[in-house]
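Please open the model in a viewer and keep the selection panel at hand.

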Amino acid sequence: MIANNGFLMFRPDEAESFLTGRMPKRKIRLVQLHHTWSPEYKHFDGRNHFTRQAAMRQSHLARGFADIAQHFTVFPDGMIVTGRNLALNPAGIKGANSGAVCIENFGNFDAGYDKMTAEQADAIVTLTAALCKVFVLEPETAITYHAWWTAKGQALGDYHPAKSAKTCPGTAFFGGNTKDAFLKNLLPRIKDVMQTKEETEMRYKYYEDLPDCWKPLIAKLVHKGYLHGKGNGVLDLTEDMIRVWATLDNVGLYGE
């Protein structure tokens, strides 16, 4: 990971470890997907990740936001740059910011404009899958597009040109910004990544399934509000998640 001007930049394969090491106390229930529209690909030179992120922050501050609107920006080369603190709600979609994580994807993905690179597409899939996995979300219901909401914050459930606040994340985003395009094109890729990880990792569905040595840590994280399960006692934890939390607990991050 690379730090610059208050931001961190990391590779897609570092997304899960980044998230497990920075679990917010607020409950995450949604993942918002956007495109920046402007800036677009012509504004990216392969080296100006931090400059572009800082410019977006300044633009959002000038509009009266408390900070940059998004938690993450995914760039055309596949690199991911942090934004707003995960402990805070984003300023991404009116009506859908509470409990959300906001991902801005650098570029204009309306039809006829930027053609998404394979590196960026893979990074979007990987980051979104990591968010769903770490925060124990069902991607079918947790992922939302800005185009599925009105400007006043009413949920539409799909893109409606006459009603939607914006075309965001773009009319050509993974084949379109409609619910049908999401279900056919993006969702299967996210689920494939999640399933592949699940097949290769040891998982603990319930608290009772955990080795005794890890039970006190998990009990503390649940009690302090850092860890939320799927409900009905289902935690669905991996060894990788628990090892990261244990390391952070050893340095006192979670207190007594």
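Two strands count as paired if DSSP finds at least two bridges between them; helices (H or I, at least four residues) and strands (E, at least two) are DSSP runs, numbered from the N terminus. The model is predicted: local features need pLDDT of at least 70, side-chain atom pairs count only at pLDDT 80 or more, and totals for chains, interfaces and linings use all residues. Residues are numbered from 1 along each chain as its sequence is written, and side-chain values use heavy atoms, with hydrogens and water left out.

**The sheet.** Select the strands to begin. Seven of them form an open sheet of mixed pairing, in the order β1-β2-β5-β4-β6-β3-β7. At the edges stand β1 (2-4) and β7 (143-145); each has a single partner strand, so one side of each is left without a neighbour in the sheet. From one strand to the next, the twist averages 25 degrees.

Next, select residues 72-74 and 80-82. These are β4 and β5, which run antiparallel and are joined by three bridges. Phenylalanine 72 has threonine 82 in β5 as its bridge partner.

**A buried asparagine.** Proceed to asparagine 105, which lies in strand β6 (residues 100-105). Is this residue buried or exposed? Asparagine 105 is buried, with a relative accessible area of 0%; buried means under 20%, exposed over 50%, and partly exposed in between (1.4 Å probe, protein chains only). Its contacts (heavy atoms within 4.5 Å) include Leu33, Val74, Gln120 and Phe173, not counting residues up to four places away in sequence.

Select residues 118-134. This is helix α3, of 17 residues, reaching 24 Å from its first C-alpha to its last. Of these 17 residues, 13 are buried. Valine 136, which follows α3, has a positive phi, near 55 degrees.

Finally, select α6 (residues 215-223) and α7 (residues 239-250). Which residues make the contact between α6 and α7? Leu217, Ile218, Lys220 and Leu221 of α6 meet Ile242, Trp245, Ala246 and Asp249 of α7.

Technical notes:
Expected span 1.5 Å × (residues − 1). Axes fitted to C-alpha atoms, helices over the stretch in contact; angles between N-to-C directions.
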